[in-house]
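Hello,

Here is the structure I promised to pass on. Please open it first, then read my notes below.

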Amino acid sequence: MTSINGSDVTKVVIACDAGMGSSVMVASTMKKKLKKYDVDVVHTPVNEIPADAQVVLCHAGLADRARRVNPDAVVVPFQIFMGDPAFAKVENAIKDGGTLES
């Protein structure tokens with residue numbers, strides 16, 4: 001199991017499969033939410049997750065692929081693109097210094 005303290009997070013990756021608008025909207029929303037915590041948020045295809053990604057948010061169907069691409073990152077899967085509790089979970093852990101686990 002991979003974990004990280006939210007206060008140590010400096011880079012969050014929103015990973016997608018096809019690069020459609022839904023994941024781009026998630027990335028935009030998370031950039032706005034995490035900007036005040038000085039966290040870099042990037043959007044990338046799941047097969048190109050950068051090595052320095054600490055937390056990867058991706059649709060649940062892509063979680064296993066994301067873990068294979070970057071086994072050191074905490075992968076937080078979500079089910080729906082807007083309003084999924086996973087987004088608040090990541091934001092709250094970063095804000096409060098809580099632990100995020102894969």
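Strands β4 and β5 run parallel and are joined by 5 bridges. Across that pairing, Leu 57 stands opposite Val 76 in β5. Keep in mind that this is a predicted model.

Now widen the view to the whole sheet. It is open and has 4 strands, in the order β3-β2-β4-β5. The pairing is parallel. Which strands stand at the edges? They are β3 and β5 (74-78). Each has a single partner strand, so one side of each lacks a neighbour in the sheet. Neighbouring strands are turned against each other by 25 degrees on average, direction ignored.

Two helices come next.

Helix α1 covers residues 21-34, which makes 14 residues. From first C-alpha to last it reaches 20 Å, close to the 20 Å expected at 1.5 Å a residue. It lies across β2, β3 and β4, and runs at about 170 degrees to β3.

Helix α3 also packs on the sheet, where it touches β2, β4 and β5. Its direction makes about 145 degrees with that of β5.

Which residues of α1 are buried? Find Ser 23, Val 26, Ala 27, Met 30 and Leu 34. They cover an arc of only 100 degrees around the axis, which puts them on the same side of α1. The spacing fits a simple rule. An α-helix has 3.6 residues a turn, so residues three or four places apart point the same way. What covers the buried residues of α1? The cover includes β2 (11-16), β3 (40-45), β4 (55-59) and α3 (85-96).

Now do the same for α3. Its 12 residues should span 16 Å at 1.5 Å a residue, and its end C-alpha atoms are 16 Å apart, which agrees. The buried residues in α3 are Ala 86, Phe 87, Val 90, Glu 91, Ala 93 and Ile 94. Seen down the axis, they fall within an arc of 160 degrees, so they line one face of the helix. They pack against β2, α1, β4, β5 and β6 (99-101). Pro 85 and Asp 96 are exposed, on the face of α3 turned away from its buried side.

Last, look at the two ends of α3. Asp 84 caps the N-terminal end. One of its side-chain oxygens lies 2.9 Å from the backbone nitrogen of Ala 86. After the helix comes Gly 97, with a positive phi near 75 degrees.

Best wishes

How values were computed. Residues are numbered from 1 along each chain as its sequence is written. This is a predicted model: local features need pLDDT of at least 70, side-chain atom pairs count only at pLDDT 80 or more; totals for chains, interfaces and linings use all residues. Side-chain values use heavy atoms; hydrogens and water are left out. The expected span of a helix is 1.5 Å times one less than its number of residues. Buried means under 20% relative accessible area, exposed over 50%, partly exposed in between (1.4 Å probe, protein chains only). The arc is that of the directions from the helix axis to the C-beta atoms. Contact means heavy atoms within 4.5 Å. Two strands pair if DSSP finds at least two bridges between them. Axes are lines fitted to C-alpha atoms, for helices over the stretch in contact, and angles run from 0 to 180 degrees between N-to-C directions. A polar contact is a pair of N or O atoms within 3.5 Å; within protein, one must be able to donate a hydrogen and the other to accept it, and residues adjacent in sequence count only if both atoms are side-chain atoms.
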